[in-house]
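Here are my notes on the entry you sent over. Please read them with the coordinates open.

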Amino acid sequence: MTTVRELTYLAAISEALREEMRRDPDVLLMGEDIGGEFGGAFKVTKGFTAEFGERRVLNMPLAELGFVGAASGMALMGLRPVIEMQFADFITTAFDSIVQFAGTAHYRWGGAVPWVIRAPADGGLTAGPFHSQNPEAWFVHTPGLKVVAPGTPADAKGLLIAAIRDNNPVIYLESKPLYRSETGPVPAGDYVVPIGQAHVARTGDDVTVITYGAMVREALGAAATLADEGIAVEVLDLRTLKPLDTDAILATARKTGKVLIVHAANQLAGVGAEVSALIAAEAFQWLDASIQRLGGLDVPVPFSPPLEEAYRPSAAKIAALACATRRLLTCKDKPEPQMDTDKHG
Amino acid sequence: MLAPDDVVASMHRDLGCYLVRGITPDRIFGNLLGKATGVSHGRDANLHGMGDLDHNIIGFVSHLPQSLPVTVGVAMSFQYRNELRVALTFVGDGSASAGVFHESMNLAAIHNAPVVVIIENNQYAYSTPVTEQTRVQELSKRADAYGIPGVALDGNDVEAMVAGIQAAVDRARRGDGPTLIEAKTMRMLGHAMHDGFEYVPRELLAEWAAKDPVDRFAARLRTLGVDQVELDEIDHRCNVEVTAALEHAQAAPLPDAATVTQGVYAP
């Protein structure tokens, strides 16, 4: 029987790494400041050098383009490097190697590149424009990559194990705002959450919120608030952004007929646009209201608290927009003031 | 120089490398013609995408020198598994200006990786002469910045190249780390077929034509007593093989459009 403990989101990531390294000698870690006593900027790998040695916990120079490329070389030889990008924001420096080399190698000539990049993403922490970004849309747009974004400690563990075992390059977006503030049940031992499967985090009949990452917690908060007002919100946690779980997306859209898509990343040309297009194309006749989106503003992530709050979706904003989305149908008979969604886009 | 289980990442100018490693001429022509029988099955163009791990070749990508960090990583995997294997790659004088060149050489040096990096200094990055690319014309001197040996060789002297590369490969294999080799040579044609390379002074071309490595090596073989008839025989065998391979590739099918989405992901 599987033991389930309460772990933080961050501890769940560490546990997945530790268990995979114990299981498979081909799994190794690469990244800036991850080794020794230090254990990384967020301490995810603290104690790893002591257990696994310097051979398997490789401190890297400040040269992401070089060491992501090197990880591709190791992966082609059958190793399974897990790269810690110190902040997801810095992944741009390695863009060429990820998009042009790793993403295309298998299609062009059959070279499998089974690495994982752990990218500490997202904000809400007043960390400014270069420590708060959500870069997922670039990689969802890139052929040959897989992209996952866990929103709970259990998924953080299960998706990281799945990513390490996958034979393709996987961008694993971990949500910094959840690191130590989010605690939840996590199965001990071998626990895999398959890539490509969304999860209904809360069931409801009135309106669906489709989201992922740290916005799952915000959506569940909004759902709890609206439940008090008699509105039953369904929350679909995508968990994997590439490949999207189209069946789960269409099932919930057909069920409630009213959909709000939420992500912390900029709304413009974000993952939500693709989800929205999918629903419009495949579930149009089930919709009772136009599809709504809520994402970050089209500005660099600002530092100062009131600015970042204005930039970023929240439980309160989700609740307001979900409520408005639900009313769009009934409003036809009894016009009510609608939210100006443009200010979010 | 390299053992069969050593790994090489060649460029778009290294046709000989692919042949020596065992990629057959019909597969190369197939790649050039976009045929299903080409190395990349029609996925990639001309000499790009000619990776084949059965022959320990990493496929080339146009973003030079993105194969360089990959090759360093291949070498690091040999260290990780305590394998006495060596990785080798080629870059151009143009690629040596890219930031990833520095990042990769530095990484190789820090890890004492068993890698050999050959800069083919063919004097021009497309139309830009090396004199306009860098102030230090001896590209091998960059090795000093990484604390590794840098060796300048006459890239048109077959024996000098063999000896220099063999020494670097041996050095890497015995655990003494990376070597940067600069092979001084000349690009005798345009960057590609569309390029008339009017920007290259014709007297410079004539100067390098007199140093043609194949002619020089043939002359060297004759001084060692190899008969011209034997050299002609080799030429003839090559022509027959290449002609047959071209005919084979021309007759081969184009890829089935229904396969366009296949192979994006590894199973």
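Predicted model: local features only at pLDDT ≥ 70, side-chain atom pairs only at ≥ 80, totals over all residues.

1. Chain B overall. Chain B holds 10 helices and seven strands. Its radius of gyration is 19 Å, close to the 18 Å that the globule rule gives for 267 residues, so chain B is as compact as a globular protein of that length. The C-alpha trace spans about 50 × 50 × 40 Å along its principal axes.

2. Burial and contact range in chain B. Of the 267 residues, 39% are buried. Take the contacts in chain B with a separation of 6 or more: residues 24 or more positions apart account for 69% of them.

3. A helix pair in chain B. How do α2(B) and α10(B) lie, oblique or parallel to each other? Helix α2 of chain B covers residues 25-32, and helix α10 of chain B covers residues 228-251. Their axes come within 8 Å and cross at roughly 45°. Angles under 35 degrees would count as roughly parallel, and 65 to 115 as roughly perpendicular. The two helices are therefore oblique to each other. The crossing is right-handed. From α2(B), the residues involved are B:Pro25, B:Asp26, B:Phe29 and B:Gly30. They meet B:Glu241, B:Val242, B:Ala245, B:Leu246, B:His248 and B:Ala249 in α10(B).

4. Contact between chains. On the chain A side, 33 residues are in contact with 35 residues of chain B. Three elements of chain A give two or more residues each to that side: α3 (64-76), α4 (95-102) and α5 (105-109). α3(A) gives the most, with 10 residues.

5. B:Asp44. This residue is found in the loop between α2 and α3 (67-80) of chain B. Is B:Asp44 buried or exposed? The cut-off for buried is 20 or more other C-beta atoms within 10 Å. B:Asp44 has 23, so it is buried. Leaving out residues up to four places away in sequence, B:Asp44 touches A:Arg108, A:Trp109 and B:Gly49. The C-alpha atoms of B:Asp44 and B:Asn31 are separated by 7.3 Å, with the two residues 13 apart along the chain.

6. Helix α8 of chain A. This helix covers residues 215-228 and has 14 residues. From first C-alpha to last it reaches 20 Å, close to the 20 Å expected. Its buried residues include A:Met215, A:Val216, A:Arg217, A:Glu218 and A:Leu226. Just after α8(A), A:Gly230 takes a positive phi of about 85°.

How values were computed: Residues numbered from 1 in each chain as written. Chains lettered and ligands numbered in written order. Helix = DSSP H or I, 4+ residues; strand = E, 2+ residues; numbered from the N terminus. Expected span 1.5 Å × (residues − 1). Buried ≥ 20, exposed ≤ 12 C-beta atoms within 10 Å, placed from the backbone. Rg over C-alpha atoms; globule rule 2.2 N^0.38 Å. Contact = placed C-beta atoms within 7 Å. Axes fitted to C-alpha atoms, helices over the stretch in contact; angles between N-to-C directions. Parallel < 35°, antiparallel > 145°, perpendicular 65-115°, else oblique. Left-handed = near helix turned anticlockwise from the far one by under 90°.
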